[in-house]
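Here is a quick tour for anyone meeting this structure for the first time. Have a look at it, then read on.

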Amino acid sequence: MSTDSLSPVFSSFVLSLVRTVAVHLGDVEDPASGKKSEPNFVAAQQMIDILGLLQEKTQGNLTEEEAKLLEQVLYELRLRFVDVKKDDKKIIVP
């Protein structure tokens, strides 16, 4: 494997954590129940924090592509978390 390639094992691991966050945010179906659930902000935040910890602890040990993947998914998940949390606080739901 070249140093400029994205490790399939690492990317699969990161993307599995991303999917878990999406389940906790109610964006995708829970694989166990087959249904979307209400957002679980505590669990979603915990998974985002785990990804942030992974980024911190692997700094300097990832390929450029792996580091970019982790940075990008963290950015997108944090934005999505804020969006879902904001929508959850609406008084009137259409």
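## Two helices side by side

Keep in mind that this is a predicted model. Let's start with α1 and α2, whose axes come within 8 Å and cross at roughly 160 degrees. That angle is over 145 degrees, so the two helices count as roughly antiparallel to each other. The crossing of α1 past α2 is left-handed.

Which residues of α1 meet α2? On the α1 side they are Phe-10, Phe-13, Val-14, Leu-17, Val-18, Thr-20, Val-21 and His-24, and their partners in α2 are Ala-43, Ala-44, Met-47, Ile-48, Leu-51 and Leu-54. Sorted by class, this contact has 12 nonpolar and 2 polar residues, with no charged ones.

## A closer look at α2

With 18 residues, α2 reaches 26 Å from its first C-alpha to its last, close to the 26 Å expected at 1.5 Å a residue.

Its buried residues are Phe-41, Ala-43, Ala-44, Met-47, Ile-48, Leu-51, Gly-52, Leu-54 and Thr-58. They pack against α1 and α3.

## And then α3

Helix α3 runs over residues 64-88, 25 residues in total.

Which residues of α3 are buried? They are Glu-66, Leu-69, Leu-70, Val-73, Leu-74, Leu-77, Phe-81 and Val-84. What covers them includes α1 (8-24) and α2 (41-58). As a general point, an α-helix has 3.6 residues a turn, so residues three or four places apart point the same way.

Note on methods: Residues are numbered from 1 along each chain as its sequence is written. This is a predicted model: local features need pLDDT of at least 70, side-chain atom pairs count only at pLDDT 80 or more; totals for chains, interfaces and linings use all residues. Side-chain values use heavy atoms; hydrogens and water are left out. Helices (H or I, at least four residues) and strands (E, at least two) are DSSP runs, numbered from the N terminus. The expected span of a helix is 1.5 Å times one less than its number of residues. Buried means under 20% relative accessible area, exposed over 50%, partly exposed in between (1.4 Å probe, protein chains only). Contact means heavy atoms within 4.5 Å. Axes are lines fitted to C-alpha atoms, for helices over the stretch in contact, and angles run from 0 to 180 degrees between N-to-C directions. Angles under 35 degrees count as roughly parallel, over 145 as roughly antiparallel, 65 to 115 as roughly perpendicular and the rest as oblique. A crossing is left-handed if the near helix is turned anticlockwise from the far one by less than a right angle, and right-handed if clockwise. Ala, Val, Leu, Ile, Met, Phe, Trp, Tyr, Cys and Pro count as nonpolar, Asp, Glu, Lys and Arg as charged, and the others, Gly among them, as polar.
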